[in-house]
Amino acid sequence: MPFEIPERIGHATPDSTRLVAMRKTFAQSAAPVRLLPSNATMMLLCCGVFVALAAALALPVGFYGLAGMSVAARWVDYFVVFLLALVLAGGVVEQMIPGSRRTIRPLWGMLLTILLLSVTATVLFPNFDTDRFVPRGIPCLRYGVLSSIPAAGLTWLLMRRGFITDPFSAAVFGGALSGLLGAAVLALHCPIFSSPHIIVWHAGVIVVTSLTGACVGLFRMRK
Amino acid sequence: MANYQQGDRAAAGLLVDTLSPQFFRFFLGQVRSRELADDLLQDFWLRIHSARQTYRPADPLLPWMYAIARRVRIDQYRRSRNRSGREMQVERLPEVPAPDPDEAGNVDFETLLAALPESQREVIVMLKVSGLSVEEVARATGSSAGSVKQKAHRAYEKLRILLGGTGHAV
(Lines give C-alpha, C1' and ligand atoms only; values in the text may rest on other atoms or scores of the structure.)
Protein backbone atom coordinates (compact mmCIF):
# COMPACT_ATOMS: atom_id res chain seq x y z
CA MET A 1 0.00 0.00 0.00
CA PRO A 2 1.53 3.38 -0.95
CA PHE A 3 2.00 5.96 1.77
CA GLU A 4 -0.46 8.83 1.67
CA ILE A 5 0.11 12.54 1.86
CA PRO A 6 -1.50 13.51 5.18
CA GLU A 7 -4.66 15.58 5.17
CA ARG A 8 -2.70 18.24 7.05
CA ILE A 9 -0.53 18.88 3.98
CA GLY A 10 -2.71 17.63 1.13
CA HIS A 11 -5.61 20.01 1.77
CA ALA A 12 -4.01 22.62 4.01
CA THR A 13 -4.92 26.24 3.36
CA PRO A 14 -3.15 29.39 4.54
CA ASP A 15 -4.51 31.54 7.35
CA SER A 16 -7.48 33.38 5.80
CA THR A 17 -6.92 36.67 7.70
CA ARG A 18 -3.33 36.88 6.58
CA LEU A 19 -4.30 35.86 3.06
CA VAL A 20 -6.81 38.71 2.84
CA ALA A 21 -4.17 41.15 4.11
CA MET A 22 -1.64 39.77 1.62
CA ARG A 23 -4.08 40.02 -1.28
CA LYS A 24 -4.91 43.61 -0.33
CA THR A 25 -1.26 44.68 -0.11
CA PHE A 26 -0.39 42.82 -3.27
CA ALA A 27 -3.26 44.35 -5.27
CA GLN A 28 -2.63 47.85 -3.93
CA SER A 29 1.00 47.89 -4.98
CA ALA A 30 0.41 46.37 -8.43
CA ALA A 31 1.97 48.78 -10.90
CA PRO A 32 3.00 48.13 -14.51
CA VAL A 33 6.57 46.93 -14.91
CA ARG A 34 8.92 46.93 -17.89
CA LEU A 35 9.74 43.32 -18.68
CA LEU A 36 13.32 42.18 -19.16
CA PRO A 37 14.41 41.91 -22.80
CA SER A 38 14.90 38.44 -24.31
CA ASN A 39 17.97 36.41 -23.31
CA ALA A 40 19.51 36.88 -26.78
CA THR A 41 19.10 40.67 -26.58
CA MET A 42 20.65 40.81 -23.12
CA MET A 43 23.54 38.57 -24.18
CA LEU A 44 24.29 40.72 -27.22
CA LEU A 45 24.02 43.87 -25.11
CA CYS A 46 26.46 42.33 -22.63
CA CYS A 47 28.90 41.48 -25.42
CA GLY A 48 28.59 44.97 -26.93
CA VAL A 49 29.47 46.54 -23.58
CA PHE A 50 32.25 43.95 -23.20
CA VAL A 51 33.90 44.93 -26.51
CA ALA A 52 33.53 48.67 -25.85
CA LEU A 53 34.88 48.41 -22.31
CA ALA A 54 37.84 46.21 -23.37
CA ALA A 55 38.80 48.75 -26.05
CA ALA A 56 38.35 51.66 -23.62
CA LEU A 57 40.55 50.01 -20.97
CA ALA A 58 43.28 49.03 -23.45
CA LEU A 59 43.39 52.56 -24.91
CA PRO A 60 45.41 54.22 -22.09
CA VAL A 61 48.10 51.48 -22.15
CA GLY A 62 48.26 51.02 -25.95
CA PHE A 63 47.21 48.36 -28.43
CA TYR A 64 50.64 46.69 -28.72
CA GLY A 65 49.17 43.20 -28.69
CA LEU A 66 46.81 43.99 -31.53
CA ALA A 67 49.59 45.63 -33.54
CA GLY A 68 52.02 42.75 -33.03
CA MET A 69 49.71 39.94 -34.19
CA SER A 70 49.19 38.73 -37.75
CA VAL A 71 45.76 39.39 -39.27
CA ALA A 72 44.81 35.70 -39.03
CA ALA A 73 45.92 35.49 -35.38
CA ARG A 74 43.88 38.60 -34.58
CA TRP A 75 40.73 37.13 -36.13
CA VAL A 76 41.12 33.78 -34.37
CA ASP A 77 42.15 35.18 -30.98
CA TYR A 78 39.48 37.87 -30.73
CA PHE A 79 36.80 35.61 -32.18
CA VAL A 80 37.51 33.02 -29.47
CA VAL A 81 37.39 35.71 -26.77
CA PHE A 82 34.10 37.05 -28.18
CA LEU A 83 32.63 33.54 -28.36
CA LEU A 84 33.57 32.88 -24.73
CA ALA A 85 32.12 36.25 -23.71
CA LEU A 86 28.87 35.20 -25.38
CA VAL A 87 28.85 31.88 -23.48
CA LEU A 88 29.57 33.51 -20.11
CA ALA A 89 27.09 36.33 -20.77
CA GLY A 90 24.52 33.61 -21.49
CA GLY A 91 25.31 32.06 -18.11
CA VAL A 92 24.91 35.43 -16.35
CA VAL A 93 21.58 36.10 -18.08
CA GLU A 94 20.24 32.62 -17.23
CA GLN A 95 21.08 33.25 -13.58
CA MET A 96 18.96 36.42 -13.63
CA ILE A 97 15.75 34.63 -14.61
CA PRO A 98 14.25 32.32 -11.96
CA GLY A 99 13.15 28.96 -13.35
CA SER A 100 15.01 29.38 -16.64
CA ARG A 101 16.72 26.40 -18.22
CA ARG A 102 20.38 26.21 -17.15
CA THR A 103 22.46 25.26 -20.18
CA ILE A 104 25.90 25.58 -18.58
CA ARG A 105 27.22 25.17 -15.04
CA PRO A 106 29.46 27.94 -13.66
CA LEU A 107 32.42 25.64 -13.07
CA TRP A 108 32.19 24.24 -16.60
CA GLY A 109 31.91 27.78 -17.98
CA MET A 110 35.08 28.80 -16.16
CA LEU A 111 37.00 25.66 -17.16
CA LEU A 112 35.88 25.93 -20.79
CA THR A 113 37.05 29.54 -20.89
CA ILE A 114 40.49 28.76 -19.46
CA LEU A 115 40.93 25.65 -21.62
CA LEU A 116 39.89 27.33 -24.87
CA LEU A 117 42.10 30.37 -24.20
CA SER A 118 45.05 28.09 -23.42
CA VAL A 119 44.55 25.99 -26.56
CA THR A 120 44.21 29.12 -28.71
CA ALA A 121 47.39 30.58 -27.21
CA THR A 122 49.32 27.33 -27.79
CA VAL A 123 48.16 27.04 -31.40
CA LEU A 124 48.58 30.72 -32.34
CA PHE A 125 51.82 31.41 -30.46
CA PRO A 126 54.01 28.27 -30.42
CA ASN A 127 56.72 30.12 -28.55
CA PHE A 128 57.52 28.66 -25.14
CA ASP A 129 59.97 31.31 -23.99
CA THR A 130 59.89 31.70 -20.20
CA ASP A 131 62.58 34.38 -19.88
CA ARG A 132 61.80 36.66 -16.88
CA PHE A 133 58.55 34.76 -16.54
CA VAL A 134 57.39 36.17 -13.20
CA PRO A 135 58.61 39.81 -13.45
CA ARG A 136 56.97 40.13 -16.88
CA GLY A 137 53.82 38.29 -15.78
CA ILE A 138 52.91 40.12 -12.58
CA PRO A 139 52.13 43.48 -14.29
CA CYS A 140 49.87 41.63 -16.76
CA LEU A 141 47.99 39.85 -13.98
CA ARG A 142 47.67 43.11 -12.04
CA TYR A 143 46.35 45.12 -14.98
CA GLY A 144 44.01 42.28 -15.99
CA VAL A 145 42.52 42.05 -12.51
CA LEU A 146 42.22 45.86 -12.26
CA SER A 147 40.48 45.94 -15.64
CA SER A 148 37.98 43.37 -14.48
CA ILE A 149 36.77 45.59 -11.61
CA PRO A 150 34.64 47.95 -13.75
CA ALA A 151 33.33 44.92 -15.64
CA ALA A 152 32.33 43.30 -12.36
CA GLY A 153 30.52 46.50 -11.37
CA LEU A 154 28.59 46.57 -14.63
CA THR A 155 27.75 42.86 -14.35
CA TRP A 156 26.43 43.46 -10.84
CA LEU A 157 24.27 46.34 -12.11
CA LEU A 158 22.87 44.08 -14.84
CA MET A 159 22.18 41.27 -12.38
CA ARG A 160 20.27 43.63 -10.12
CA ARG A 161 17.61 43.92 -12.85
CA GLY A 162 16.91 40.21 -12.47
CA PHE A 163 16.21 37.96 -9.50
CA ILE A 164 19.12 35.78 -8.44
CA THR A 165 18.06 32.43 -7.00
CA ASP A 166 21.58 31.00 -6.79
CA PRO A 167 24.03 33.70 -5.61
CA PHE A 168 27.02 31.37 -5.78
CA SER A 169 26.60 30.37 -9.44
CA ALA A 170 25.67 33.91 -10.42
CA ALA A 171 28.78 35.33 -8.72
CA VAL A 172 31.07 32.74 -10.33
CA PHE A 173 29.65 33.53 -13.77
CA GLY A 174 29.96 37.26 -13.09
CA GLY A 175 33.54 36.80 -11.90
CA ALA A 176 34.47 34.68 -14.93
CA LEU A 177 32.95 37.20 -17.36
CA SER A 178 34.76 40.08 -15.66
CA GLY A 179 38.01 38.09 -15.72
CA LEU A 180 37.56 37.38 -19.41
CA LEU A 181 37.30 41.10 -19.98
CA GLY A 182 40.61 41.51 -18.16
CA ALA A 183 42.12 38.82 -20.41
CA ALA A 184 40.65 40.57 -23.48
CA VAL A 185 42.27 43.86 -22.44
CA LEU A 186 45.60 42.02 -22.11
CA ALA A 187 45.08 40.39 -25.53
CA LEU A 188 44.78 43.90 -26.98
CA HIS A 189 47.65 45.38 -25.00
CA CYS A 190 50.30 42.75 -24.14
CA PRO A 191 53.07 42.34 -26.74
CA ILE A 192 54.44 39.10 -25.18
CA PHE A 193 53.40 36.32 -27.56
CA SER A 194 54.56 33.36 -25.50
CA SER A 195 52.11 30.53 -24.70
CA PRO A 196 53.19 29.96 -21.06
CA HIS A 197 52.88 33.71 -20.40
CA ILE A 198 49.36 33.87 -21.85
CA ILE A 199 48.19 30.63 -20.19
CA VAL A 200 49.49 31.52 -16.71
CA TRP A 201 49.17 35.31 -16.48
CA HIS A 202 46.32 36.15 -18.89
CA ALA A 203 44.09 33.14 -18.20
CA GLY A 204 45.12 33.46 -14.53
CA VAL A 205 43.06 36.66 -14.38
CA ILE A 206 39.93 34.54 -14.97
CA VAL A 207 40.92 32.13 -12.19
CA VAL A 208 41.47 35.02 -9.74
CA THR A 209 38.20 36.79 -10.57
CA SER A 210 36.15 33.57 -10.63
CA LEU A 211 37.49 32.59 -7.21
CA THR A 212 36.73 36.09 -5.95
CA GLY A 213 33.23 35.70 -7.37
CA ALA A 214 32.87 32.34 -5.62
CA CYS A 215 33.89 33.95 -2.29
CA VAL A 216 31.41 36.80 -2.81
CA GLY A 217 28.70 34.27 -3.70
CA LEU A 218 29.39 32.20 -0.58
CA PHE A 219 29.32 35.33 1.55
CA ARG A 220 25.96 36.37 0.01
CA MET A 221 24.57 32.89 0.62
CA ARG A 222 25.59 32.96 4.26
CA LYS A 223 24.02 36.36 4.91
CA MET B 1 0.43 36.87 -14.49
CA ALA B 2 0.78 38.94 -17.69
CA ASN B 3 -2.12 41.15 -16.56
CA TYR B 4 -0.55 41.53 -13.14
CA GLN B 5 2.71 42.64 -14.78
CA GLN B 6 0.70 45.31 -16.56
CA GLY B 7 -0.63 46.63 -13.25
CA ASP B 8 -4.03 44.91 -13.18
CA ARG B 9 -5.05 44.87 -9.50
CA ALA B 10 -7.80 42.29 -9.94
CA ALA B 11 -5.31 39.93 -11.61
CA ALA B 12 -2.92 40.42 -8.69
CA GLY B 13 -5.64 39.47 -6.20
CA LEU B 14 -6.69 36.51 -8.31
CA LEU B 15 -3.11 35.28 -8.49
CA VAL B 16 -2.77 35.37 -4.69
CA ASP B 17 -6.13 33.62 -4.21
CA THR B 18 -5.46 30.91 -6.75
CA LEU B 19 -1.87 30.01 -5.96
CA SER B 20 -1.51 30.66 -2.23
CA PRO B 21 -2.87 27.24 -1.12
CA GLN B 22 -0.43 25.41 -3.44
CA PHE B 23 2.61 27.32 -2.19
CA PHE B 24 1.41 27.13 1.39
CA ARG B 25 1.42 23.33 1.03
CA PHE B 26 4.88 23.47 -0.48
CA PHE B 27 6.20 25.38 2.53
CA LEU B 28 4.22 23.30 5.02
CA GLY B 29 5.65 20.13 3.51
CA GLN B 30 9.11 21.33 4.46
CA VAL B 31 8.82 23.29 7.70
CA ARG B 32 6.10 21.40 9.64
CA SER B 33 4.77 24.56 11.30
CA ARG B 34 1.65 26.36 10.06
CA GLU B 35 2.78 29.73 11.41
CA LEU B 36 6.17 29.49 9.78
CA ALA B 37 4.57 28.35 6.52
CA ASP B 38 2.31 31.43 6.65
CA ASP B 39 5.37 33.65 7.22
CA LEU B 40 7.17 32.04 4.31
CA LEU B 41 4.13 32.48 2.08
CA GLN B 42 4.03 36.18 2.91
CA ASP B 43 7.75 36.55 2.19
CA PHE B 44 7.22 34.60 -1.04
CA TRP B 45 4.55 37.01 -2.34
CA LEU B 46 6.75 39.98 -1.49
CA ARG B 47 9.56 38.48 -3.54
CA ILE B 48 7.20 37.61 -6.40
CA HIS B 49 6.17 41.25 -6.38
CA SER B 50 9.73 42.54 -6.52
CA ALA B 51 10.78 40.02 -9.20
CA ARG B 52 7.71 40.20 -11.44
CA GLN B 53 9.61 41.93 -14.26
CA THR B 54 11.74 38.78 -14.70
CA TYR B 55 8.81 36.58 -15.71
CA ARG B 56 8.30 36.17 -19.46
CA PRO B 57 4.72 35.35 -20.46
CA ALA B 58 5.92 32.77 -23.00
CA ASP B 59 7.66 30.73 -20.28
CA PRO B 60 5.92 28.30 -17.89
CA LEU B 61 4.76 30.10 -14.75
CA LEU B 62 5.12 27.43 -12.07
CA PRO B 63 8.88 26.76 -12.40
CA TRP B 64 9.46 30.52 -12.17
CA MET B 65 7.37 30.75 -8.99
CA TYR B 66 8.82 27.60 -7.45
CA ALA B 67 12.37 28.83 -8.08
CA ILE B 68 11.51 31.92 -6.00
CA ALA B 69 9.67 29.84 -3.37
CA ARG B 70 12.74 27.63 -3.08
CA ARG B 71 14.94 30.70 -2.54
CA VAL B 72 12.58 31.90 0.22
CA ARG B 73 12.78 28.49 1.89
CA ILE B 74 16.59 28.36 1.65
CA ASP B 75 16.95 31.86 3.09
CA GLN B 76 14.66 30.96 5.99
CA TYR B 77 16.66 27.78 6.63
CA ARG B 78 19.95 29.71 6.72
CA ARG B 79 18.49 32.39 8.98
CA SER B 80 17.19 29.80 11.44
CA ARG B 81 20.47 27.87 11.33
CA ASN B 82 22.48 31.02 12.04
CA ARG B 83 20.12 31.94 14.87
CA SER B 84 20.17 28.49 16.45
CA GLY B 85 23.98 28.49 16.20
CA ARG B 86 24.08 31.56 18.44
CA GLU B 87 21.49 30.40 20.93
CA MET B 88 22.42 28.34 23.97
CA GLN B 89 20.20 25.48 24.98
CA VAL B 90 19.21 25.99 28.61
CA GLU B 91 17.81 22.56 29.22
CA ARG B 92 17.75 19.24 27.48
CA LEU B 93 14.57 18.78 25.46
CA PRO B 94 12.90 15.37 25.55
CA GLU B 95 13.33 13.38 22.36
CA VAL B 96 10.12 12.85 20.43
CA PRO B 97 9.69 9.24 19.37
CA ALA B 98 8.99 8.57 15.70
CA PRO B 99 5.30 7.80 15.23
CA ASP B 100 4.37 4.27 14.21
CA PRO B 101 2.04 3.48 11.33
CA ASP B 102 -1.59 4.18 12.24
CA GLU B 103 -4.36 1.56 12.41
CA ALA B 104 -5.01 1.81 8.68
CA GLY B 105 -1.33 1.13 8.06
CA ASN B 106 -0.49 4.66 6.78
CA VAL B 107 2.99 5.91 7.60
CA ASP B 108 3.47 9.52 8.65
CA PHE B 109 4.60 11.30 5.47
CA GLU B 110 6.34 14.12 7.36
CA THR B 111 8.38 11.74 9.47
CA LEU B 112 9.54 9.97 6.34
CA LEU B 113 10.41 13.25 4.66
CA ALA B 114 12.35 14.41 7.70
CA ALA B 115 14.68 11.44 7.22
CA LEU B 116 15.66 12.61 3.74
CA PRO B 117 18.45 15.09 2.97
CA GLU B 118 17.24 18.63 2.21
CA SER B 119 17.78 18.40 -1.55
CA GLN B 120 15.93 15.08 -1.89
CA ARG B 121 13.08 16.23 0.36
CA GLU B 122 12.63 19.35 -1.75
CA VAL B 123 12.39 17.28 -4.95
CA ILE B 124 9.89 14.85 -3.39
CA VAL B 125 7.71 17.70 -2.08
CA MET B 126 7.68 19.36 -5.51
CA LEU B 127 6.90 16.11 -7.30
CA LYS B 128 4.45 14.57 -4.83
CA VAL B 129 2.84 17.47 -2.94
CA SER B 130 2.92 20.17 -5.62
CA GLY B 131 2.48 17.77 -8.54
CA LEU B 132 5.15 19.31 -10.77
CA SER B 133 6.70 17.38 -13.64
CA VAL B 134 10.38 16.40 -13.62
CA GLU B 135 11.16 19.10 -16.18
CA GLU B 136 9.40 21.76 -14.07
CA VAL B 137 11.27 20.67 -10.94
CA ALA B 138 14.54 20.83 -12.91
CA ARG B 139 13.81 24.42 -13.95
CA ALA B 140 12.72 25.42 -10.44
CA THR B 141 15.82 23.98 -8.82
CA GLY B 142 18.20 25.15 -11.53
CA SER B 143 19.40 21.63 -12.25
CA SER B 144 19.02 19.09 -15.04
CA ALA B 145 16.13 16.65 -15.42
CA GLY B 146 18.63 13.82 -14.97
CA SER B 147 19.76 15.24 -11.65
CA VAL B 148 16.14 15.55 -10.47
CA LYS B 149 15.42 11.95 -11.48
CA GLN B 150 18.53 10.81 -9.65
CA LYS B 151 17.56 12.68 -6.46
CA ALA B 152 14.01 11.31 -6.65
CA HIS B 153 15.36 7.80 -7.23
CA ARG B 154 17.68 8.05 -4.22
CA ALA B 155 14.85 9.44 -2.11
CA TYR B 156 12.57 6.57 -3.15
CA GLU B 157 15.33 4.08 -2.34
CA LYS B 158 15.72 5.59 1.12
CA LEU B 159 11.97 5.65 1.65
CA ARG B 160 11.78 1.99 0.56
CA ILE B 161 14.38 1.10 3.19
CA LEU B 162 12.49 3.09 5.83
CA LEU B 163 9.23 1.43 4.86
CA GLY B 164 10.88 -1.97 4.46
CA GLY B 165 9.86 -3.20 7.87
CA THR B 166 6.21 -2.31 7.34
CA GLY B 167 5.91 -3.80 3.87
CA HIS B 168 4.75 -0.51 2.29
CA ALA B 169 5.49 0.38 -1.33
CA VAL B 170 6.61 3.87 -2.32
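This is a predicted model: local features need pLDDT of at least 70, side-chain atom pairs count only at pLDDT 80 or more; totals for chains, interfaces and linings use all residues.
## Contact between chains A and B

The contact between the two chains draws on 37 residues of chain A and 49 residues of chain B. On the side of chain A that touches chain B, the largest share comes from helix H2 (residues 16-28) of chain A, which supplies six residues. By class, that side of chain A holds 22 nonpolar, six polar and nine charged residues.

A:Pro32 is one point at which the chains meet. A:Pro32 sits in the loop between H2 and helix H3 (39-58) of chain A, and it touches B:Gln6 and B:Gly7 when residues up to four places away in sequence are not counted. A:Pro32 is classed as exposed because it has 11 C-beta neighbours inside 10 Å, and the cut-off for that class is 12 or fewer. Within chain A, A:Pro32 and A:Trp156 are 124 residues apart along the chain, and their C-alpha atoms are separated by 24 Å.

## Chain B: overall layout

Chain B contains eight helices and zero strands. Read from the N terminus on, its elements are α-α-α-α-α-α-α-α. Of the 170 residues in chain B, 35% are buried. Among the contacts in chain B with a separation of 6 or more, 58% join residues 24 or more positions apart.

## Chain B: two domains

Chain B is divided into domain 1 (1-95) and domain 2 (107-170). Between these domains, 12 residues of domain 1 of chain B are in contact with 14 residues of domain 2 of chain B. On the domain 1 side of this contact, helix H2 (9-31) and helix H4 (61-86) of chain B each supply at least two residues. That side of domain 1 is made up of six nonpolar, three polar and three charged residues.

## The largest nonpolar core

In soluble globular proteins, nonpolar side chains tend to be buried together. The largest nonpolar core in this model has 92 residues. The residues with the most contacts inside this core are A:Leu88, A:Leu177, A:Leu180, A:Ala183, A:Ala184, B:Phe44 and B:Ile68. Helix H8 (residues 167-189) of chain A gives the most to this core, with 14 residues. Domain 1 (1-95) and domain 2 (107-170) of chain B both give residues to this core, so the core lies between them.

Which residues does A:Leu180 contact, leaving aside its neighbours within four places in sequence? They are A:Val81, A:Leu84, A:Ala85, A:Leu88, A:Thr113 and A:Ile206. A:Leu88 is also listed among the residues with the most contacts inside the core.

A:Gly179 is located in helix H8 of chain A. It counts as buried because 32 C-beta neighbours lie inside 10 Å, where the class requires 20 or more. Leaving aside neighbours within four places in sequence, A:Gly179 is in contact with A:Ser148, A:Val205, A:Ile206, A:Val208, A:Thr209 and A:Ser210. A:Ile206 is also in contact with A:Leu180. From C-alpha to C-alpha, A:Gly179 and A:Val145 are 6.8 Å apart in space, and they are 34 residues apart in sequence.

## An exposed arginine with positive phi

A:Arg132 lies in the loop between helix H6 (106-124) and helix H7 (133-160) of chain A. It has a positive phi of about 50°, although it is not a glycine. A:Arg132 is exposed, with 10 other C-beta atoms within 10 Å.

## Packing of helices H7 and H8 of chain B

Two packed helices are described by the angle between their axes and the distance between the axes. Helix H7 (residues 134-141) and helix H8 (residues 145-164) of chain B pack at an angle of about 105°, with their axes 8 Å apart. That angle makes H7(B) roughly perpendicular to H8(B). From H7(B), the residues B:Val134, B:Glu135, B:Val137, B:Ala138 and B:Thr141 meet B:Ala145, B:Val148 and B:Lys149 in H8(B). This contact has five nonpolar, one polar and two charged residues.

B:Lys149, in helix H8 of chain B, is partly exposed, with 14 other C-beta atoms within 10 Å. B:Lys149 and B:Val123 are 26 residues apart in sequence and 9.0 Å apart in space, C-alpha to C-alpha.

Terms used:
Residues are numbered from 1 along each chain as its sequence is written. Chains are lettered from A and ligands numbered from 1 in the order in which they are written. Two residues are in contact if their C-beta atoms, placed from the backbone, lie within 7 Å. Helices (H or I, at least four residues) and strands (E, at least two) are DSSP runs, numbered from the N terminus. Ala, Val, Leu, Ile, Met, Phe, Trp, Tyr, Cys and Pro count as nonpolar, Asp, Glu, Lys and Arg as charged, and the others, Gly among them, as polar. Domain bounds come from an automatic or database domain assignment. A nonpolar core is a set of buried Ala, Val, Leu, Ile, Met, Phe, Trp, Tyr and Cys residues joined through C-beta atoms within 7 Å. Axes are lines fitted to C-alpha atoms, for helices over the stretch in contact, and angles run from 0 to 180 degrees between N-to-C directions. Angles under 35 degrees count as roughly parallel, over 145 as roughly antiparallel, 65 to 115 as roughly perpendicular and the rest as oblique.
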